[in-house]
Amino acid sequence: MQSAQLLSITTFVYLAASFLYIAILVFGTKNKTLGLTATLVTMGGLLLSTMGIIIRWHEAYKLDFGYYAPFSNMYESLVFFAWCIALTYLVLEYLYKNQTLGAFAMPFAFLSQALAEYWPQWDQQLKPLMPALQSNWLIAHVIASFVGYAAFAIAFGVAVMYLTKARNVEKSGQPEGTGVFASLPPLKTIDEVIYKTILFGFLWFTVGGLIFGAIWANSAWGTYWSWDPKETWSLITWFVYAATLHVRYTRGWTGKKIAWLAVLGFASTLFTYYGVNFLLSGLHSYA
């Protein structure tokens, strides 16, 4: 089976996982069969995506492209973004033992995979890499950056969870809210997930997006920093999350304030990842 077929199937598996987790949110977490099915479907999607990425790598090798890494264009990066989200979510599910988080995380994996597969603008054909991309630093830079992006995406989803539950709690006067909101984790737990997910993503993004990126830039372009739009927006995004962690440590900010900063941070992340490539020209325009 070719990589394109496996990655196409992955889209529908992530869609199924998203619906299953939304069903858990709506109908509650007492149905163990539904919960186990959602986890197994997500793991199946992650396995299919892993196989698709590896086979695409092997297909490039058979075409005698020489050095190749399957993270080199928007199509491949979106596939890898979805892979990182699914993996990060499964780790969170294991740590927190609450599957309602999946309703706010797995739809992002599906959207990223679907955007990769069906947005007509992306070229899915394998092509030899330009010289600037033929570097092991590309692999380190992209992998670490997208682990950070995935954590920021999940932090955004969980922040939306916090804000909607907090609103319901305020309106209902019930400490855990009413309806589906009552099945969500306590606000204190959701706040902790937001904070730890941002911290995790911040560490990966700092190392991968900024440090590894600067080393790769020096190797490819002869300078560590050139104020390229992607670099500038990466720095802006870094400052947003650095400020978020700073005010939490020094001012004790929690709850809604941190949730809104997670929303702001993800908006900056999206523009860094997607908007810069199409609205601002620069050295990263191929990415």
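These questions and answers explain the terms used for a predicted model.

Q: Which residues does UniProt list for "transmembrane region"?
A: The unreviewed UniProt entry lists residues 6-27, 34-57, 77-96, 101-119, 139-163, 193-217, 232-249 and 258-276.

Q: What makes up residues 6-27 in the model, helix or strand?
A: The span is 100% helix and 0% strand. Its end C-alpha atoms lie 31 Å apart.

Q: What makes up residues 258-276, helix or strand?
A: Here too the chain is 100% helix and 0% strand. The end C-alpha atoms are 25 Å apart.

Q: Why is α1 called roughly antiparallel to α4?
A: Helix α1 (residues 3-27) and helix α4 (residues 106-118) pack at an angle of about 150 degrees, with their axes 8 Å apart. Angles over 145 degrees count as roughly antiparallel. Therefore α1 is roughly antiparallel to α4. The crossing of α1 with α4 is left-handed.

Q: Which residues of α1 and α4 meet?
A: From α1, they include Leu7, Phe12, Leu15 and Tyr21. From α4, they include Met106, Phe110, Gln113 and Tyr118. By class, the contact of α1 with α4 has 13 nonpolar, five polar and one charged residues.

Q: Why does Ile24 count as buried?
A: Ile24 lies in helix α1. Its relative accessibility is 1%. Buried means under 20%, so Ile24 counts as buried.

Q: Which residues is Ile24 in contact with, leaving aside its neighbours within four places in sequence?
A: They are Thr29, Leu34, Gly35, Ala38 and Gln99. The C-alpha atoms of Ile24 and Ala103 are separated by 7.9 Å. Along the chain, these two residues are 79 residues apart.

Q: What makes Phe19 count as exposed?
A: Phe19 also lies in helix α1. Its relative accessibility is 54%. Exposed means over 50%, so Phe19 counts as exposed. The C-alpha atoms of Phe19 and Val207 are separated by 34 Å. Those two residues are 188 residues apart along the chain.

Q: Why does Lys97 count as exposed?
A: Lys97 has 60% relative accessibility. Exposed means over 50%, so Lys97 counts as exposed.

Q: Where does Trp227 lie, and what is its phi?
A: Trp227 lies in the loop between α6 and α7 (229-251). Its phi is positive, about 55 degrees, although Trp227 is not a glycine.

Q: How do you know that Trp227 is exposed?
A: Its relative accessible area is 56%. The cut-off for exposed is over 50%, so Trp227 is exposed.

Q: Why is α5 called roughly antiparallel to α6?
A: The axes of helix α5 (residues 136-172) and α6 come within 7 Å and cross at roughly 160 degrees. Roughly antiparallel means over 145 degrees. Therefore α5 is roughly antiparallel to α6. Their crossing is left-handed. By class, the contact of α5 with α6 has 28 nonpolar, eight polar and two charged residues.

Q: How do α6 and α7 pack?
A: They pack at an angle of about 150 degrees, with their axes 10 Å apart. The crossing is left-handed. The contact residues include Asp191, Tyr195 and Phe202 of α6, and Trp238, Tyr241 and Arg248 of α7. By class, the contact of α6 with α7 has 14 nonpolar, four polar and three charged residues.

Q: Why does Asp191 count as buried?
A: Asp191 is in helix α6 (residues 187-221). Its relative accessibility is 8%. Buried means under 20%, so Asp191 counts as buried. Not counting residues up to four places away in sequence, Asp191 touches Tyr162, Arg248, Thr254, Gly255 and Ile258.

Methods. Residues numbered from 1 in each chain as written. Predicted model: local features only at pLDDT ≥ 70, side-chain atom pairs only at ≥ 80, totals over all residues. Heavy atoms only, no water. UniProt positions renumbered as here; feature names shortened; annotations may be inferred. Helix = DSSP H or I, 4+ residues; strand = E, 2+ residues; numbered from the N terminus. Axes fitted to C-alpha atoms, helices over the stretch in contact; angles between N-to-C directions. Parallel < 35°, antiparallel > 145°, perpendicular 65-115°, else oblique. Left-handed = near helix turned anticlockwise from the far one by under 90°. Contact = heavy atoms within 4.5 Å. Nonpolar A, V, L, I, M, F, W, Y, C, P; charged D, E, K, R; others polar. Buried < 20%, exposed > 50% of the residue type's maximum accessible area, 1.4 Å probe, protein only.
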